[in-house]
Structures are given as C-alpha cells and as structure tokens.
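Please read them with the structure open.

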Amino acid sequence: MEYRLIDTQEAWDQIVRTHNGHPMQSWGWGSLKEQTGSWTAHHVVCEDAGSFVCAALVLVRKLPWPFKSICYSPRGPIVEDAADLPRAADLIAQWCREHVHAVSLKIDPGVSGVTLNDGWKQGSTILIANTAVIDTVPDEDAILKSFHSKKARQYIRKAGRMGVEVRRATREDLPAILDLYHKTAEEDNFFIHDDHYYQVAFDAMDDVNQVFVAECEGRLLAFLWNVTTPAAAFELWGGVNEEGKTKRANYLLKWTAILEAKQSGAALYDLNGLLNDGISKFKMLFIEEPTQWIGTFDKPLSPLFSVWEGSLKLYRRLFK
C-alpha cells in the first residue's frame, strides 16, 4: 500500500470527480479553510500496486504542545463503493498518524448502512447526519412528482407567475447576497461567518460553486449557495427576504438549483441537515422521508487523545 500527495487543483479535482468524491472533498473547500482559518489542506491518495484504493482531503490543525495536531476529513474519505469505507477510513487514519503525528482523525462520511472497524468512536458533530436528500437521476417530471408536498410544486409555478426569475450569481451580486444573509441570520438566529469568509469562498471554490439568486424586476429576493460534484450537490448557505417569501421565490430557487445539479451530473441533491426548526420544515416539503448518514466518528491516534478530549470539554464548559 502506497500513499502519495496531490499538489495541483486540476489533478485533485479529477480524482474527486472520477471516484465519487463529495464537494466538501474538493480542492476549493480545502483552499477556503486554509485561507480563512488555522487549517492546512493535504490531498492524500492511497494506492495498491498503482490502483486507486481511496483518497481524502485531510485538514490538519496544529495544537499546543504536547498534542501536535488534529485531522478532519469533511464528508471523506473518498471511495467508489461505500462498502470500502471502513478500510479507507483506517488507511487515511494511518497516514495521519505517520505523517502529521495527529492526536485523532475526525470523519463524517455521507453514507448509510456502513459500520466502521474497531477503534472508531462517536464524535462531536460538525456536519449533521440527519438530512434531506433528493435523487437527481430520474427525469425532471419524476423528480417534481417525488416532492412530498403538493404545495411545493404549486409554489414553484406560482413564483414564476409572480415574476420571479432565477439566475447564476456573479461576484457583483455578493454585497447584496451578504446583506440578505445577515438579515436572515438575525431573524432566524443562526451563526454566520464574517463577510470576508464568503468573499474568499466565491473565488476559492470556483471549481465546485453553484450560486443562485432569485429576483423580481431586479430586486434580490433570495439566494442559494451550493457546491457540486458528480457525487452530490450540497447546500451550504441561503437566505430569503419577506418579499421573497410572499412571492415563493425560495421554491423556484430550490427547483432551479436541483435542475442545475442534475444537468451538472450530480447523482443526488443534499439539502444539508435537518433540525427542529422552520428551515427544516421547508426542506421536508421536498422529500418523502429523511436520510440518515452514519454520523461523525473520531479515531484516536495517540495516547494523548483522552487528555485532549477532556481539555476540549472543559474549555467548552468554561467558555460556551
């Protein structure tokens, strides 16, 4: 078994596209985390006699002495068949132990019905495992008919009748998008990053970005920011104002994004997480039932893991 590192965006994204990699395994996502935080991105491929076994975008964060580092592979590792995930997870964990001397590796793969090998333990959640997923392989009529709510189909058509139009966003749209996002976050009480984060994201994730705006007579009503590879389209961020809600702009916006994902070759559309809130109730209109991924897991890679985990829990209690 051999490991090698990929050092160019073109070569890495070709691996992601070819081997069923999630968009959060893309070069762009790693670049965003490098430019806006304390992570370093490593692009690891594992091969057996020259044949692909698995790969992973591994984000590495340095820790104070004596812990050295922690690793996180969002929606990784990359495998062509979910049944290969347990072996792949162990192989990437081995790379993290040997090459960056990590205390642990955290993963939260978007698969179900798979059990990891011994040594993995349930970890604190980063990406929510309970989610809403739409199969984008059927034709457009079949996808539309699959929506759980008849009202969702009606509101898609209503938005069009009320003059709502959806298009791909440009960088010039960012100030209006971010202004709307701040207002949405304040109204719905959820955390967002500062504007710099999204400005970097628009350029850094050019390889996977699909950003849409819904408008009426030039007025911004709603936006939806997705990342997409052949494995999946994944919703990251979105917002809608009062006029957009009245005109049902978010319904036409989501439908357009689903169709764009399908046309891009994505096998499924992930609405990214279900909580007990109004946003989740809106997402549930588009699916028959939730999808449950296996969840978040940590692989301790050092005897110091329990000390690190205890320190982290104490920090959260003191500074939450």
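How many helices and strands does the protein have?

1. Basis. This is a predicted model, in which local features need pLDDT of at least 70 and side-chain atom pairs count only at pLDDT 80 or more, while totals for chains, interfaces and linings use all residues. Residues are numbered from 1 along each chain as its sequence is written, and side-chain values use heavy atoms, with hydrogens and water left out.

2. Overall build. The protein has 11 helices and 15 strands; both are DSSP runs numbered from the N terminus, helices being H or I of at least four residues and strands E of at least two. Its radius of gyration is 20 Å, close to the 20 Å from the globule rule for 320 residues, so the protein is as compact as a globular protein of that length. That radius is taken over C-alpha atoms, and the rule is 2.2 Å times the number of residues to the power 0.38. Along the principal axes, the C-alpha atoms fill a box of roughly 60 × 45 × 35 Å.

3. Of the 320 residues, 53% count as buried (under 20% relative accessible area; exposed is over 50% and partly exposed in between, with a 1.4 Å probe and protein chains only). Among contacts (heavy atoms within 4.5 Å) with a separation of 6 or more, 71% come from residues 24 or more positions apart.

4. Cores. The largest nonpolar core has 48 residues, and Trp12, Met205, Trp225 and Trp237 touch the most other members. Such a core is a set of buried Ala, Val, Leu, Ile, Met, Phe, Trp, Tyr and Cys residues joined through side-chain atoms within 4.5 Å. A second, separate core of 34 residues includes Tyr251, Leu252, Leu271 and Phe282. Leaving aside residues up to four places away in sequence, the contacts of Trp12 include Trp27, His43, Ala55, Leu57 and Ile78.

5. Helix α7. Which residues of α7 (residues 195-204) are buried? They are Tyr197, Tyr198, Val200, Ala201, Phe202 and Ala204. Their cover includes the helices α2 (27-36) and α6 (174-188), along with the strands β10 (209-216), β11 (219-228) and β12 (233-240).

6. A buried lysine. Lys247 sits in the loop between α8 (242-246) and α9 (249-263). With a relative accessible area of 15%, Lys247 is buried. Not counting residues up to four places away in sequence, Lys247 touches Ala159, Met162, Val164, Cys216, Arg219 and Leu221.

7. Backbone points to check. The loop between β3 (51-62) and β4 (69-73) holds Pro66, and the peptide bond from Trp65 to Pro66 is cis, with omega near 10°. Lys68 is also in the loop between β3 and β4; its phi is positive, near 75°, though the residue is not glycine. A cis bond also joins Gly76 and Pro77, with omega about -5°; Pro77 is in the loop between β4 and α3 (85-99). Asn189, in the loop between α6 and α7, has a positive phi of about 60°. Is Asn189 buried or exposed? At 70% relative accessibility, Asn189 counts as exposed.

8. Second largest pocket. About 340 Å³ of space lies in this pocket. Its lining comprises 19 residues, with Asn20, His22, Gly110, Val111 and Ala231 nearest the centre. A pocket here is an open set of points, on a 1 Å grid over the protein atoms alone, where a 1.4 Å probe fits, with protein on both sides within 12 Å along at least five of seven lines; lining residues have an atom within 4 Å of a point. Volume is the space filled by probe spheres set on the points, which are joined across faces, edges and corners.
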